[in-house]
Amino acid sequence: MSAEGLLARRSLTRNRVRFAVSVGGVALALSLTLALDAIYAGVANQLTTYVDRAGADVWVGQAGVRNLHMVASWLPASVVEGVRAVPGVADATPILYSTDTISAGNERAVAYVVGLPADATMGGPWDVVEGSARVGRGEIIVDQGFARTAGVSIGDTVTALGRQARIVGLSQGTASLVNSVAFVSFDDFQAMRGGAPVVSFVLVKVAPAASSQAVAAAIGSEVPGVTAQTRSDFSTQERRLVMDMSADVISIINAVGFVVGLAVVALTVYVATLARRREYGVLKALGARNGVLYRVVLAQSFLSVAAGFLVGLAFTGLLAFVVARAGLNLELSISAASLIKVGLFSAVIAGLASILPIRQVSSVDPAVVFRRGAAA
Amino acid sequence: MSTLTLDVREVSKRFGDGETAVKAVDSVSLAVEPGEVVLIMGPSGSGKTTLLSMMGALLRPTGGTIHLDGTEISALTEGRLPDIRLRQFGFIFQDFNLLSALSVLENVAIVAELAGAGSRVARDKAAALLTELGLGERLDFLPEKLSGGEKQRVAIARALINDPALILADEPTANLDSKIGHEIMRLLRGIAKERGRSVVIVSHDQRIRDIADRVLWLEDGAFRDVVTMATDPVCEMAVERERAVRAERDGETYFFCSRGCRDEFLGGTLPDDSRHPRSEIAVR
């Protein structure tokens, strides 16, 4: 370790309480940002679970519709045959879709309600833990978390799309913090809509040798009035929407975390520098250049922030672990992008926090060594 | 080529301007040879520390020149002074000024590292030096665990680690008891005589005169003309014979800093070692 690094480390850890408070403060501040990012990333993962797990390679919706959340997509039923006719399309399943509430007794919950044809090869529940994976007229499959909360089970009835439906299956992995996915029969959904020959989306499976991207482009050019996207693009749009909706909250929390972290580190390093002002003078008198002393200050800032970052990361990881086992419809996902962002945050905090102490060190008179005072 | 380690010529230092200007050092000249121990004494506020700061390149003189090993350090730019301080000077302070967060070994090694030595080389060199100074068992101690004498020995090791030409010591025995003070004085003399380093000491401590090759008296920022000094047998202050209060007893003349000391002396007994007047203090 360099002389500067050694001096920085020893100076920081000499007062362990102050160092612990500093690291704890930084960890708390960075945890705010890390945890919030993880929560939003987890929610985004959950919100796109249906898109990711429905089995479609390409999603075809009404022209201009690029995601599921908070949209209405209506296409004439004839579009389904048009899509099937596009080269590279191996299979196409129409679904009806709406955001609605499902209720049982006093329990009401927001849900993506999906109307599934009887012969659907895609779009249905992918993990049914109890009952049937197929829904007929007057039937519904709900998420087991909702069923548990509402106190209903197979054979009980719930209200969806304004009609009573009997639970025939319980799925898992189909709920998020915000909503769940419920499956009803295509015919029931269509009847509730007045029997109009429309579909919301056409889910497409591409032929083994075909590219999803190419097939999506072909559908977009050959079938009028639709927007076709690969599953990946559709999912990305969905995530982007969620993040856009949350951008202000994330920005505010990030700013709070940044300011708190900056204040804690700046104060700690400033106090540490002030306490060792005479020793910086001694080092100058002994021949240390200002650059060496600046590096000592910077190293102290970076060490504090790095330790705080690691503790914050560990805390967020522990939080994610606990939440995952708490039975909540919440997932914390720590992404590489978030780590990079918070890492950069930390570097900026360390740099800014060093400015005042560096100014202080630069003004220390080496002749201070001849003044009488408490010294080791 | 000069054989002098330090050559101070007509050096002055003035603080402030106009009517409020204070001349802390006034046209002082001093030459120090290799291996010489020079003691600078004088009352508080006489300019000793200002002079020491200028000799150590910590303060720029307002007049005159200071040469160290032939290099005029008073003319060097600020950017070059740290290297000079690091490699040419060794500082020893009254308050020791050790770095409290570093161990004994690290306090010494860091100065070698600052001068460019690798970590391993610096630590080995520091360990050898500290062991030579009797601190081999204290290498991993923090300064707060050391006695005053041990701290000063660490400071001496730190001052020697880069083999400087000149050791500048500010009141090196002030915070030490008599026995340890003598030990430190012997060490400083050894540094000069065995290692060939020049040592300039600023101190009020009369005991240091025993190890000095030359004693200089600084007062009001200037070395006084050749004067004969004596020690007040009561308070042990150095006093000028010509200006001192004097008294005769048993055929001997004694010199005092004040009438109070004289009266106390005449009413009491004479210490054995105060019968002889002090050595002359010469100014070059």
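**View 1. The two domains of chain A bury about 720 Å² between them.** Helix H2 (16–47) and helix H8 (231–275) of chain A each supply at least two residues of the side of domain 1 of chain A that touches domain 2 of chain A. Helices here are DSSP runs (H or I, at least four residues) and strands are DSSP runs too (E, at least two), numbered from the N terminus. H2(A) gives the largest share of that side of domain 1, three residues. By class, this side of domain 1 has five nonpolar, two polar and no charged residues. Ala, Val, Leu, Ile, Met, Phe, Trp, Tyr, Cys and Pro count as nonpolar; Asp, Glu, Lys and Arg count as charged; the others, Gly among them, count as polar.

The model is predicted: local features need pLDDT of at least 70, side-chain atom pairs count only at pLDDT 80 or more, and totals for chains, interfaces and linings use all residues. Residues are numbered from 1 along each chain as its sequence is written, chains are lettered from A and ligands numbered from 1 in the order in which they are written, and side-chain values use heavy atoms, with hydrogens and water left out.

**View 2. Chain A is divided into domain 1 (3–47 + 240–370) and domain 2 (64–224).** These bounds come from an automatic or database domain assignment. The contact takes seven residues from domain 1 of chain A and nine residues from domain 2 of chain A. Contact means heavy atoms within 4.5 Å. The centres of the two domains of chain A, taken over C-alpha atoms, are 47 Å apart. Between these domains of chain A there are zero salt bridges. A salt bridge is a side-chain nitrogen of Lys or Arg within 4 Å of a carboxyl oxygen of Asp or Glu.

**View 3. Chain A meets chain B through 28 residues of chain A and 33 residues of chain B.** The area buried between chain A and chain B is about 2,800 Å². Carbon and sulfur atoms give 59% of it. Chain A and chain B share 11 residue pairs in polar contact (both at pLDDT 80 or more). Helix H1 (3–14) and helix H9 (277–286) of chain A each supply at least two residues of the side of chain A that touches chain B. H9(A) gives the most to this side, with seven residues. By class, the side of chain A that touches chain B has 15 nonpolar, four polar and nine charged residues.

**View 4. Four salt bridges link chain A and chain B.** In one of them, the side chains of Glu144(B) and Arg14(A) meet, at 2.5 Å from N to O. Over all chains, the structure holds 24 salt bridges. Glu106(B) forms a salt bridge with Arg10(A), with the closest N and O atoms 2.3 Å apart. Glu106(B) lies in helix H3 (residues 104–114) of chain B and Arg10(A) in helix H1 of chain A, so the pair joins two chains.

**View 5. Six strands of chain B form an open, mixed sheet.** The strand order is S6-S7-S8-S3-S9-S10. Strand S6 (89–92) and strand S10 (222–223) of chain B are the edge strands, and each pairs on one side only. Two strands pair if DSSP finds at least two bridges between them. S6(B) and strand S7 (residues 166–170) of chain B run parallel, joined by four bridges. Gly90(B) has Ile167(B) in S7(B) as its bridge partner.

**View 6. A four-strand open sheet of chain B has antiparallel pairing.** Its order is S2-S1-S4-S5. The edges are strand S2 (22–32) and strand S5 (71–72) of chain B. Seven bridges join strand S1 (residues 6–15) of chain B to S2(B). Val11(B) stands opposite Val28(B) in S2(B).

**View 7. S13(B) and S14(B) form a hairpin.** Two residues lie between the strands, and Asp250(B) in the turn has a positive phi of about 50°. Strand S13 (residues 245–249) and strand S14 (residues 252–256) of chain B pair in the antiparallel sense over five bridges. Val245(B) stands opposite Phe256(B) in S14(B).

Methods: Buried area = accessible area lost by both parts, 1.4 Å probe. Polar contact = N/O pair within 3.5 Å; in protein donor to acceptor, adjacent residues only side chain to side chain.
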